[in-house]
Amino acid sequence: MTWGLSRRGWRGGIAAAVAVVVWLASREARAANGAYAVDAADISEVGSCKVESWLSAADNGDRAAVANPSCVVDPFRPVELTLQANRARSDGDWSTTISPKAKSNFLPTGVGRWGLSAYAGASFDAATGENLAITTVVPATFRLSETMRVNLNAGWLWDRAVDHHYLTYGIGFDWKFTETLQWTIEAFGQAGRAEIASTIQPRLQTGVRYRPNEIFSVDLIYGRNITGENANWITLGTTIRFPPPQGRPARERSGHL
């Protein structure tokens with residue numbers, strides 16, 4: 001079997017697996033922007049896939065290891081299907097969650113205009129199957145230029161473990177300042193009733209992405225209070241992309257930094 005056929009088969013397998021889980025269905029799942037929390041309105045081309053993964057460590061001893069494969073399919077319109085697996089330690093206790101998500105773009109992004117998308121997702125305890133959370137988010141992106149964009153997120157989160165509902169928000173700025181380096185800064189959080197004050201306090205991340213080619217990128221990120229635990233975090237993340245056959249290079253596609 002040739003590499004081309006193997007790659008298409010592997011990509012199709014991921015798409016099918018993610019589709020089944022999503023349609024059957026961190027405590028808060030991250031956005032489809034790697035380890036960053038504020039999502040952009042863009043989605044990739046139909047037929048493309050990527051595998052995002054990251055390791056995060058906090059100064060209070062909390063840890064997280066995440067794998068986040070996704071593919072874009074077109075059952076009736078382009079939809080990005082994601083299945084995130086998160087192995088985490090919080091307050092000394094380990095847990096594993098599975099978080100499927102489906103995202104679709106409704107207004108494409110472009111320089112000088114807003115783009116708009118929406119996604120819905122859920123989070124499940126991998127050991128018990130218990131539904132821990134349900135979320136919906138509307139990401140909007142305004143491209144200042146081909147190398148700079150502003151992302152705004154607004155949504156709703158139902159934390160079923162404590163039966164609390166939250167409004168979620170986020171604002172982020174991406175700047176590709178060289179051919180291979182991109183800087184991101186973002187603030188995000190959730191508003192509502194909480195027993196622990198840091199749960200509803202703003203959260204911050206900033207980091208640099210190194211992308212030497214179309215396929216691979218690596219992120220180094222500093223975060224503060226990113227899971228509502230009032231700690232400092234360091235995250236190392238990678239993304240491996242599998243473009244569709246005859247797909248255009250990313251540099252020729254508007255909306256993709």
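Modeller: A salt bridge is a side-chain nitrogen of Lys or Arg within 4 Å of a carboxyl oxygen of Asp or Glu. This is a predicted model, in which local features need pLDDT of at least 70, side-chain atom pairs count only at pLDDT 80 or more, and totals for chains, interfaces and linings use all residues. Residues are numbered from 1 along each chain as its sequence is written, and side-chain values use heavy atoms, with hydrogens and water left out.

Colleague: How many salt bridges are there by this rule?

Modeller: Side chains of opposite charge can pair when their charged atoms come close. Under the stated rule, the count of salt bridges is eight.

Colleague: Which residue forms a salt bridge with aspartate 39, and at what N to O distance?

Modeller: Aspartate 39 counts as buried because its relative accessible area is 2%, where buried means under 20%, exposed over 50% and partly exposed in between (1.4 Å probe, protein chains only). The side chain of aspartate 39 meets that of lysine 103 at 3.3 Å, N to O.

Colleague: Is lysine 103 buried or exposed?

Modeller: The relative accessibility of lysine 103 is 1%. Lysine 103 is therefore classed as buried.

Colleague: What is the N to O distance between arginine 143 and glutamate 146?

Modeller: Arginine 143 is buried, at a relative accessible area of 0%, whereas glutamate 146 is partly exposed, at 47%. Their side chains form a salt bridge with an N to O distance of 3.2 Å.

Colleague: Which residue forms a salt bridge with glutamate 52?

Modeller: Glutamate 52 is buried at 2% relative accessibility. The closest N and O atoms of the pair are 3.7 Å apart, and the partner is lysine 50.
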